Amino acid sequence: MQLTSKTPGLDEKLDGLLSLLMHEFEDQPAIPLAGFYERYGEFFGEELHNLQEILFDDGLVRCFVGRNGLELEITHKGIGFMAKGGYSSEIREEMIYHDDALRNRKNNRIWNTLVAVAFITAIAICFYLRHRSV
């Protein structure tokens, strides 16, 4: 899957387009590519081609030659991907992973500090006890 978090709002647009296509495919298995551009071109504007390319590259939609010319359909991978939450869920998972990594780093820093302080304290006590007995 392409990393969509680099462009703000791209994941929502891709999820929106896939959702619209899924509703479209409930009535018919595939739509002509020309009809796709007519219906969604006004809504997504010039960005529609880029969104379509991302969906193709990720294997979520495919084109094939049908009885109406070049037709577009959602793949089984695309249906499963939307059932799991789409691109937005990947962003959420990435953020959760990032938060966990930051939390682990903070905990490691605290433990390293505690171990260093305990070691220095132990050295200081040993030094004090050694020199006090003389």
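**Questions on helix α1**

Me: What is the hand of the crossing of α1 and α4?
Reply: The crossing of α1 and α4 is left-handed, a term used if the near helix is turned anticlockwise from the far one by less than a right angle, with right-handed for clockwise. This is a predicted model, with local features needing pLDDT of at least 70, side-chain atom pairs pLDDT 80 or more, and totals for chains, interfaces and linings using all residues. Residues are numbered from 1 along each chain, and side-chain values use heavy atoms, without hydrogens and water.

Me: At what angle do α1 and α4 pack?
Reply: Helix α1 (residues 10-27) and helix α4 (residues 76-83) pack at about 115°, and their axes are 11 Å apart. D15, L18, S19 and M22 of α1 are in contact (heavy atoms within 4.5 Å) with I79, F81 and M82 of α4. That contact has 5 nonpolar, 1 polar and 1 charged residues.

Me: Why are α1 and α3 called roughly perpendicular?
Reply: Helix α3 (residues 47-57) packs with α1 at about 80°, with the axes 10 Å apart. Angles of 65 to 115 degrees count as roughly perpendicular, so α1 and α3 take that label. In their contact, L10, K13, L14, L17 and L18 of α1 meet E47, L48, L51, I54 and L55 of α3. The residues there divide into 8 nonpolar, no polar and 2 charged.

Me: How do you know that the length of α1 agrees with its 18 residues?
Reply: At 1.5 Å a residue, α1 should span 26 Å, and its end C-alpha atoms lie 27 Å apart, which agrees.

Me: Which residues of α1 are buried?
Reply: L10, D11, L14, D15, L17, L18, L21, E24 and F25 are buried, meaning under 20% relative accessible area.

Conventions. Axes are lines fitted to C-alpha atoms, for helices over the stretch in contact, and angles run from 0 to 180 degrees between N-to-C directions. Helices (H or I, at least four residues) and strands (E, at least two) are DSSP runs, numbered from the N terminus. Ala, Val, Leu, Ile, Met, Phe, Trp, Tyr, Cys and Pro count as nonpolar, Asp, Glu, Lys and Arg as charged, and the others, Gly among them, as polar. The expected span of a helix is 1.5 Å times one less than its number of residues. Buried means under 20% relative accessible area, exposed over 50%, partly exposed in between (1.4 Å probe, protein chains only). Angles under 35 degrees count as roughly parallel, over 145 as roughly antiparallel, 65 to 115 as roughly perpendicular and the rest as oblique.
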